[in-house]
Amino acid sequence: MEIKSYQDQAELLVRDYLLAHPYIPFTSVLGGIFACKLAFDLTQLISSCYFRSFAALTKIQRIEWNNRGMSTLHAIFITIMSLYFVIFSDLFSEHRLAGLITFRSSPLSTFVLGVSAGYFLVDLGILFWLYPSLGGMEYVLHHLVSLVAVAYSMLSGEGQLYTYMVLISEATTPTINLRWYLSTAGMKRSRVYLINGVAIFFSWLVARVLLFIYLFYHVYLHSYQVIQMQPFIRFMVFGVPSMLFIMNLLWFAKIVKGLKKTLAKRQ
């Protein structure tokens with residue numbers, strides 16, 4: 001009976017505060033920032049206990065190690081939620097008679113975008129704090145564009161379908177981070193490193209090249225809905241994916257080059 005009472009109170013808290021429309025932008029972003037802090041600290045705690053190579057890292061490398069643990073957890077979370085909204089949920093379904101898909105949103109979809117905005121805010125802050133140790137200007141540009149697009153979609157409720165389509169590309173982050181971990185741990189010549197390189201190639205091809213081509217096709221088919229959005233949202237629907245797609249192609253060329261180099265060494 002007491003457990004049931006606590007459960008009812010928790011559901012009431014979520015419904016009346018966390019997912020209440022006026023509070024969503026604040027609670028979700030703050031929740032995202034808190035989750036990042038928790039993931040950062042947990043990564044450090046687990047790594048210091050179970051990975052011998054962690055103790056030998058420099059201060060900057062330790063921060064990057066923990067930061068990549070944080071980004072991996074965010075990538076898993078946002079990929080699962082993005083796939084849910086784009087594929088499994090009926091929120092953006094063509095068969096649902098609920099107005100134009102470009103204007104559809106829900107308390108949960110808005111909350112998830114806020115959590116992601118909190119992550120990009122934290123990660124961008126770390127990039128600036130240690131610039132350029134954790135990444136050059138292309139990473140800063142990527143995070144700035146992502147933060148603005150996610151935050152504006154969260155606040156306006158417009159274009160959330162396309163925001164989630166783009167966020168599916170975060171599915172490549174865990175393999176990218178694993179590559180860095182293996183390289184830092186001196187495992188470049190291991191079979192795991194090679195398999196991970198192949199996984200990066202295919203995941204990047206699907207999530208950051210083919211998916212974006214489908215997104216452009218979807219925007220073309222629904223252009224009559226897109227043009228009804230606010231001018232800035234319209235600009236982001238056309239401009240942000242295009243900018244990210246160009247960056248993805250440039251990075252994909254480096255991935256292909258690196259994979260060829262690794263395979264050549266194996267032979």
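**Entry 1: the pair in H3**

I started with Arg68, which counts as buried at 16% relative accessibility. The cut-off for buried is under 20%, so Arg68 falls inside it. I note here that the model is a predicted one.

What does the side chain of Arg68 meet in a salt bridge? I found Glu64, with N to O at 2.9 Å. Glu64 is buried as well, at 11% relative accessibility. I then checked where the two sit. Arg68 and Glu64 both belong to helix H3, which covers residues 59–88. They are 4 residues apart there, so about one helical turn separates them.

**Entry 2: the other salt bridges**

I looked up the total next. The structure holds 3 salt bridges.

One of them joins Arg208 and Glu170, whose closest N and O atoms are 3.9 Å apart. Arg208 lies in helix H8 (residues 191–221), and Glu170 lies in the loop between H6 and helix H7 (173–184). The pair therefore ties together parts that are 38 residues apart in sequence. Are the two partners buried or exposed? Arg208 counts as buried, at 6% relative accessibility. Glu170 is buried too, with a relative accessible area of 6%.

Another salt bridge is formed by the side chains of Lys37 and Asp41, at 3.3 Å from N to O. Both residues lie in helix H2. They are 4 residues apart, about one turn of the helix. Lys37 is exposed, at 52% relative accessible area. Asp41 is partly exposed, at 34%.

I get 21 positive and 12 negative side chains. The centres of the two sets lie 20 Å apart.

**Entry 3: the chain as a whole**

How many helices and strands does the chain have? I read 10 helices and 0 strands. From the N terminus on, the order of elements is α-α-α-α-α-α-α-α-α-α. The radius of gyration is 20 Å, close to the 18 Å that the globule rule gives for 267 residues, so the chain is as compact as a globular protein of that length.

Along its principal axes, the C-alpha trace spans about 55 × 55 × 35 Å.

Burial came next. Of the 267 residues, 45% count as buried. The accessible surface comes to about 15,000 Å². Carbon and sulfur atoms hold 69% of that surface.

I then looked at contacts along the sequence. Among contacts with a separation of 6 or more, 75% are between residues 24 or more positions apart.

**Entry 4: Gly159 and Gln160**

Where does Gly159 sit? I place Gly159 in the loop between H5 and H6. Gly159 counts as buried, at 5% relative accessibility. Beyond four places in sequence, Gly159 is in contact with Thr102, Ser153 and Met229. I also took a distance to Val237, 78 residues away in sequence. The C-alpha atoms of Gly159 and Val237 are 7.2 Å apart.

Gln160 lies in helix H6, which covers residues 160–167. Its relative accessible area is 0%, so I log Gln160 as buried. Which residues does Gln160 contact, leaving aside neighbours within four places in sequence? My list is Phe92, Arg104, Ser105, Ser106, Ser109, Thr110, Leu113, Ser153 and Met154. Ser153 is in contact with Gly159 and with Gln160.

**Entry 5: Gly31**

I went back to helix H2, residues 24–50, where Gly31 has its place. Gly31 is partly exposed, with a relative accessible area of 30%.

**Entry 6: a peptide bond**

Last, I checked the backbone. Most peptide bonds are trans. Is the bond from Tyr131 to Pro132 cis or trans? I find that bond cis, with omega near 0°. Pro132 lies in the loop between helix H4 (107–129) and helix H5 (137–156).

Conventions
Residues numbered from 1 in each chain as written. Predicted model: local features only at pLDDT ≥ 70, side-chain atom pairs only at ≥ 80, totals over all residues. Heavy atoms only, no water. Helix = DSSP H or I, 4+ residues; strand = E, 2+ residues; numbered from the N terminus. Rg over C-alpha atoms; globule rule 2.2 N^0.38 Å. Buried < 20%, exposed > 50% of the residue type's maximum accessible area, 1.4 Å probe, protein only. Contact = heavy atoms within 4.5 Å. Areas by Shrake-Rupley, 256 points an atom, 1.4 Å probe, with all protein chains shown as cover. Lys, Arg positive; Asp, Glu negative; His and termini not counted. Charge placed at Lys NZ, Arg CZ, Asp CG, Glu CD. Salt bridge = Lys/Arg side-chain N within 4 Å of Asp/Glu carboxyl O.
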